[in-house]
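I opened the notebook to record what I looked up in this structure, one topic at a time. I wanted each entry to stay close to what can be seen in the model.

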Amino acid sequence: MHESSSLTQSAAWRALASHRDEIASVSMRDLFAADPARFERFSASGAGLLLDYSKNRIDARTLALLIELARSRGVEPARGAMFSGQRINNTEGRAVLHIALRNRGGEPVEVDGRDVMPEVRDVLQRMGDFAERVRDGRWRGYTGELITDVVNIGIGGSDLGPAMACQALSARAHARLRLHFVSNIDGDHLAGVLEKVDPATTLFVVASKTFTTIETMTNATSARRWFLAGGAGEADVAKHFVAVSTNAERVARFGIDLANMFGFWDWVGGRYSMWSAVGLPVALQVGREAFGELLDGAHAMDRHFVEAPLEENLPVILALLGVWYRGFFGATSLSIAPYAQALARLPAYLQQLEMESTGKSVTCDGRPVETPTCPVIWGEPGTNGQHAFFQLLHQGTDLVPVDFIASLTTSHGLAGHHRLLLANCIAQSKALMVGKTAEEVRAELASAGFSGEALEAAIPHRVFPGNRPSNTLLLPDLSPRSLGALVALYEHKVFVQSVIWGVNAFDQWGVELGKQIASRIDAELAGGTAGEHDGSTRGLIAAVRAAANAQERG
């Protein structure tokens with residue numbers, strides 16, 4: 001899928017390196033002053049979203065060179081390979097077809113010559129039917145009472161995606177149903193949820209493809225035990241537990257009716273699975289129709305990604321800007337700043353999507369990468385972030401690009417709030433770009449009555465270097481359609497970056513080693529024979545065992 005020749009020795013990369021030396025000292029203030037049409041020149045729209053990328057350290061030459069890099073690295077044929085069902089996940093021998101889950105156009109999507117769309121539509125139909133039965137009260141608990149609470153038990157992609165989407169779409173939540181998400185194996189997470197719910201009116205969604213994920217199954221088993229302790233019988237488990245899985249044998253052994261097992265496929269990676277049966281909690285919260293609108297929005301972004309020229313293609317532009325700052329300016333992180341409280345979980349979701357996908361140090365063919373890959377992804381909603389980490393963004397020693405994300409409309413109806421929120425969003429992106437010079441600070445302080453040594457001493461602390469890059473993404477609203485387009489935008493951005501860097505965006509071998517060691521240590525903590533470990537690990541195991549023994553005696 002990826003170009004095997006050297007990235008850093010390519011003509012496109014060397015041209016960008018030379019250009020970087022030319023533009024590094026150029027001020028964005030000057031770029032805007034020289035080009036009144038800069039916003040129009042460096043903004044683009046797709047699938048209902050507007051991207052303003054004019055506040056970046058680029059000019060027309062930069063963009064042209066970045067587009068040439070994308071072409072030379074084979075972004076367009078790689079995109080075609082993914083959409084045509086080729087097995088581009090080379091380390092696992094799998095196709096990558098989350099785009100099939102939201103294919104709303106009716107055309108076939110094939111894997112090894114077989115159209116997968118009939119199966120996809122069947123699962124979506126069953127999901128929708130089940131969600132509506134719970135929502136309208138036809139599905140009831142073992143005592144005949146209505147379901148009031150839904151607890152999703154999963155981890156990683158089986159938690160972050162649906163949890164993020166349910167919070168983002170909370171304004172459309174069903175009036176009776178409360179959604180809860182449990183992922184951490186720390187018992188406090190599950191216990192805290194179980195304290196709030198009633199066994200007779202709670203539905204558990206257990207999401208694990210293999211039904212063997214240690215965190216998920218530990219939590220699910222404890223939830224089952226709690227449910228039975230509340231007075232229910234074994235046969236009642238089937239009325240309160242459903243599964244998102246492909247392991248029918250284990251699901252049935254747990255006590256779940258296989259009619260309520262919703263499957264998905266090996267060509268759906270966990271962090272790309274929100275569009276599949278993993279999205280069942282979203283369908284339960286917002287309903288079948290709204291879940292379909294979520295898929296519609298993602299499909300619209302898929303079409304934009306396929307059809308828009310690279311120069312106007314939102315995922316391509318975002319990806320190339322990320323490569324520009326990571327590879328040529330030493331930016332080690334990217335801050336996500338959604339100016340919408342409903343998108344509070346988006347940074348965490350993007351952490352997995354981006355860092356698990358492109359946090360790689362070897363290329364698809366096993367060679368060391370030649371350039372830094374994924375930056376650290378982090379952030380919080382505005383305006384909270386302004387009173388926390390924005391100090392570092394404005395005056396810190398690191399260059400940290402920012403993605404500002406905002407919705408043009410809101411549903412809360414509180415006068416003045418949304419206008420002020422958007423004012424802050426726009427102001428922060430401008431402040432990062434323009435900064436404040438020593439001369440401007442001096443004039444400002446003088447007008448405020450400062451003079452002499454006090455004025456001069458205050459100046460260095462109030463200078464803002466500016467020239468700090470950001471993108472602004474504007475959504476028309478926080479609807480399912482807009483959310484679907486936004487998430488698909490970042491999915492495709494990650495894919496483009498993986499092609500340029502030459503890494504596999506769809507495996508995650510880096511999560512396995514810790515799991516393997518944890519299984520061995522767990523057995524040792526339970527009283528098994530201690531294995532061979534380094535001194536630190538031996539000391540920590542001994543401390544934990546000593547504390548457990550003291551608790552048993554006490």
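I note here that the model is a predicted one. Helix 8 is mostly covered, with 8 of its 9 residues buried, and I listed the buried ones as Leu160, Gly161, Pro162, Ala163, Met164, Ala165, Cys166 and Ala168.

I then took one of these covering elements, helix 15, and asked how its axis lies against that of helix 8. The axes of helix 8 (residues 160–168) and helix 15 (residues 346–358) come within 9 Å and cross at roughly 155 degrees. Angles over 145 degrees count as roughly antiparallel, and helix 8 and helix 15 are therefore roughly antiparallel to each other. I recorded the crossing of helix 8 past helix 15 as left-handed. At this contact Leu160, Gly161 and Met164 of helix 8 meet Leu346, Ala348, Tyr349 and Gln352 of helix 15.

Next I looked at Arg271, which lies in the loop between strand 9 and helix 12 (280–286). Is this arginine buried or exposed? Arg271 has a relative accessibility of 3% and so counts as buried, the limit being under 20%. A polar atom of the Arg271 side chain lies 3.0 Å from the backbone oxygen of Asp507. Leaving aside neighbours within four places in sequence, I found Arg271 in contact with Gly157, Tyr349, Gln352, Leu353, Glu356, Ser357, Ala505, Phe506, Asp507 and Gln508.

I went back to helix 20 and checked how helix 14 packs on it. The axes of helix 14 (residues 314–328) and helix 20 come within 8 Å and cross at roughly 50 degrees, which makes helix 14 oblique to helix 20. Helix 14 passes helix 20 in a right-handed crossing. Among the residues that meet here are Leu314, Pro315, Val316 and Arg326 from helix 14, and Leu489, Tyr490, Val496 and Trp501 from helix 20.

I turned to the sheets and traced an open sheet of 5 strands, in the order 6-5-7-8-9 and with parallel pairing. Strand 6 (178–182) and strand 9 (261–262) stand at the edges with a single partner strand each, so one side of each has no neighbour in the sheet. Strand 5 (residues 149–153) pairs with strand 6 in the parallel sense over 5 bridges, and I saw Asp149 standing opposite Arg178 in strand 6. Helix 9 (residues 187–194) lies across strand 5, strand 6 and strand 7 (202–207), and runs at about 165 degrees to strand 6.

Further along this sheet, strand 7 and strand 8 run parallel and are joined by 4 bridges, with Val242 in strand 8 as the bridge partner of Val205. In a regular strand the side chains alternate between the two faces of the sheet. I checked strand 8 (residues 241–244) for this and found Phe241 and Ala243 pointing one way and Val242 and Val244 the other, all of them buried.

I also traced an open sheet of 6 strands, in the order 1-2-13-12-10-11 and with mixed pairing. Its edge strands are strand 1 (43–46) and strand 11, each of which pairs on one side only. Neighbouring strands of this sheet are turned by 15 degrees against each other on average, direction ignored. Strand 10 (residues 333–339) and strand 12 (residues 402–407) pair in the parallel sense over 5 bridges, and the bridge partner of Ala337 in strand 12 is Phe404.

Last, I went through the backbone angles. Most residues other than glycine have a negative phi, and most peptide bonds are trans. Asp112 has a positive phi, near 55 degrees, and sits in the loop between strand 3 (110–111) and strand 4 (114–115). Asn467 also has a positive phi, of about 60 degrees, and its place is in the loop between helix 19 (452–462) and strand 13 (470–475). I noted that Asp112 is exposed, with a relative accessible area of 57%, whereas Asn467 counts as buried at 14% relative accessibility. The peptide bond from Gly382 to Thr383 is cis, with omega near 10 degrees, and Thr383 lies in the loop between strand 11 (376–378) and helix 16 (390–395).

Key
Residues numbered from 1 in each chain as written. Predicted model: local features only at pLDDT ≥ 70, side-chain atom pairs only at ≥ 80, totals over all residues. Heavy atoms only, no water. Pairing = 2+ DSSP bridges. Helix = DSSP H or I, 4+ residues; strand = E, 2+ residues; numbered from the N terminus. Contact = heavy atoms within 4.5 Å. Axes fitted to C-alpha atoms, helices over the stretch in contact; angles between N-to-C directions. Buried < 20%, exposed > 50% of the residue type's maximum accessible area, 1.4 Å probe, protein only. Polar contact = N/O pair within 3.5 Å; in protein donor to acceptor, adjacent residues only side chain to side chain. Parallel < 35°, antiparallel > 145°, perpendicular 65-115°, else oblique. Left-handed = near helix turned anticlockwise from the far one by under 90°.
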